[in-house]
Amino acid sequence: MTLTIRRATREDAALVTAIEAACFPPAEAAGIDRMTPRLARFADHFWIAEEDGLPVGMINGMVIDQKVIDDVMYADASLHRPDGRWQSVFGIGVIPAYRGRGYAAALMKRLIAQAREEGRSGVVRTCKDHMIAFYEQFGYRSMGVSASEHGGAKWNDMILEFEGVGQ
C-alpha cells in the first residue's frame, strides 16, 4: 500500500465533503455548501491522503491572524487571510476503515510543514478531550477549554508555536 498526499482542487468539493461526512457527526461536518467556498478561497490549504490512488483522508483550514479559531470562521471562507500569521486546522479525518495506519499523522505533518514553509507563527486547532494527546505528539499545547460551540460539543483550544518565528 502506498500513501500519497496531494493538494485538493476546487473540483474536489464533493470528495472532501464525503470524507468529512464519514469522519464527523452530522452537527460538526461541513457540507458541500461550506466546502465549496472554502476550496474557492483556500484550496491550497486542503490536503487529501490517498492509499493506492483511493482518497481516504484529508486536512484543511484557513489562515488567520489570531491564536484561536472562532466559530464564525467555519461558515465564512472570506475570513481566510493569505498573509495571516496562523494556520488553522478546521478538520482532519481519515475514513474509519483506513484508520490506524498513520495517515492522520502524515496529513498533520504535511500541513505543519506547509505552515513552516510559508513563514507562519504556528498552527491552531480545536479538539475534543480524547484527542489532546494526539496533537501533543506534534508539539501542540492546550490553551484550555475553547469558547467554541461548534456542533454543540465541548472543544479545547490547541496551539503549536514555531520557535524563531515572530509571534
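**View A. The salt bridge between R110 and E117.** In this predicted model, the side chains of R110 and E117 meet with N and O 3.7 Å apart; a salt bridge here is a side-chain nitrogen of Lys or Arg within 4 Å of a carboxyl oxygen of Asp or Glu. R110 is partly exposed at 22% relative accessible area, while E117 is exposed at 59% (buried means under 20%, exposed over 50%, partly exposed in between, with a 1.4 Å probe and protein chains only). By this rule the count comes to 9 salt bridges.

A friendly word on conventions: residues are numbered from 1 along each chain as its sequence is written, and side-chain values use heavy atoms, leaving out hydrogens and water. Local features need pLDDT of at least 70 and side-chain atom pairs count only at pLDDT 80 or more, whereas totals for chains, interfaces and linings use all residues.

**View B. K128 paired with E28.** The closest N and O atoms of this salt bridge are 2.7 Å apart. K128 sits in the loop between β7 and α5 and E28 in the loop between α1 and α2, so the pair ties together parts 100 residues apart in sequence. (Helices, H or I of at least four residues, and strands, E of at least two, are DSSP runs numbered from the N terminus.) E28 is buried, with a relative accessible area of 9%, and K128 is partly exposed at 22%.

**View C. D129 and K154.** Here the closest N and O atoms of the salt bridge are 2.8 Å apart. D129 belongs to the loop between β7 and α5 and K154 to the loop between β8 and β9, so the contact links parts 25 residues apart in sequence. D129 is partly exposed at 45%, and K154 is partly exposed at 43%.

**View D. The open sheet β1-β2-β3-β6.** Its 4 strands pair antiparallel; two strands pair if DSSP finds at least two bridges between them. β1 (3-7) and β6 (91-94) stand at the edges with a single partner strand each, so one side of each lacks a neighbour in the sheet. β1 is joined to β2 (46-51) by 5 bridges, and L3 stands opposite E51 in β2.

**View E. A salt-bridge network.** Look here for R6, D12 and E50, which are linked in a network of salt bridges.
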